[in-house]
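Please view the sequence and the model together with the text.

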Amino acid sequence: MTTYRLGPVDELPVGEGRAYAVGDEMVAVFRLRTGELRAVSAVCPHAGGPLADGLIDAKVVICPLHQHVFALETGHCQTTPHLALRTYPVREESGQMIMNVSPVSGSDSTTTS
Ligand code: FES
């Protein structure tokens, strides 16, 4: 498990998202109107849309490219069930956005061709 400091939470406007490089991954972090933070993979699994630019409410993000709807808490796609986002634990600590990331289980960087 690696801990990443993403920067001051005040840099992320309420109701918006922003993409951050976290290790080898791009993660979209959203600041809900309640002030809570949510984090999901930044690249839409449908066709690579930029999810940090999507519209959010308290529970979902809508991809800006084809409007698939993903739950911010679970990553499940509500419009195309076989799609899903990875979710990440993110929290605010002393005004900073903090994320703990562990490697994707079952992933294997070895490629064969
Ligand atoms: S790229 Fe996100 S819905 Fe198509």
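## Basis of the report

The structure is a predicted model. Residue numbers start from 1 along each chain as its sequence is written.

## Strand β10 and its partners

Strand β10 comprises residues 96-101 and is mostly covered, with five of its six residues buried. Strands β1 (residues 2-8) and β10 run antiparallel and are joined by six bridges. Within this pairing, Tyr4 is placed opposite Met99 of β10. As a general point, strands of a sheet pair through backbone hydrogen bonds, in either a parallel or an antiparallel manner.

Strand β10 also pairs with strand β9 (residues 90-93), in the antiparallel sense and over four bridges. Here Met97 of β10 is the bridge partner of Glu92. Strands β9 and β10 form a hairpin in which two residues lie between them.

Three strands make up an open sheet in the order β5-β6-β7, and their pairing is antiparallel. Strands β5 (55-56) and β7 stand at the edges with a single partner strand each, so one side of each has no neighbour in the sheet.

The pairing of β5 with strand β6 (residues 60-62) is antiparallel and rests on two bridges. Ile56 has Val61 in β6 as its bridge partner.

## Met26 in strand β3

Met26 belongs to strand β3, which spans residues 25-31. Is this residue buried or partly exposed? Met26 has a relative accessible area of 40% and is therefore partly exposed, since that class lies between the limits of 20% and 50%.

Beyond its neighbours within four places in sequence, Met26 is in contact with Ala19, Tyr20, Ala21, Ser41 and Ala42. Met26 and Tyr4 are 22 residues apart along the chain, and their C-alpha atoms are separated by 12 Å.

## Salt bridges

How many salt bridges does the structure hold? The structure has five salt bridges. In general, side chains of opposite charge can pair when their charged atoms come close.

Asp10, in contrast, counts as exposed, at 64% relative accessibility.

A further salt bridge is formed by the side chains of Glu25 and Arg86, at 3.0 Å from N to O. Because Glu25 lies in strand β3 and Arg86 in the loop between β7 (69-71) and β8 (87-88), the pair ties together parts that are 61 residues apart in sequence. Glu25 counts as partly exposed at 24% relative accessibility, and Arg86 counts as partly exposed at 25%.

Glu93 is partly exposed at 36% relative accessibility. Arg91 is likewise partly exposed, with a relative accessible area of 35%.

Glu36, Arg38 and Glu73 are linked to one another in a network of salt bridges.

## Backbone angles

Most residues other than glycine have a negative phi. Which residue in the loop between β6 and β7 is of interest here? Gln67 is found in that loop, and its phi is near 65 degrees, a positive value in a residue other than glycine. At 46% relative accessibility, Gln67 counts as partly exposed.

Ser94 also has a positive phi, near 55 degrees, and is a residue other than glycine. Ser94 is located in the loop between β9 and β10. With a relative accessible area of 76%, Ser94 is exposed.

Terms used. Predicted model: local features only at pLDDT ≥ 70, side-chain atom pairs only at ≥ 80, totals over all residues. Heavy atoms only, no water. Buried < 20%, exposed > 50% of the residue type's maximum accessible area, 1.4 Å probe, protein only. Pairing = 2+ DSSP bridges. Contact = heavy atoms within 4.5 Å. Salt bridge = Lys/Arg side-chain N within 4 Å of Asp/Glu carboxyl O.
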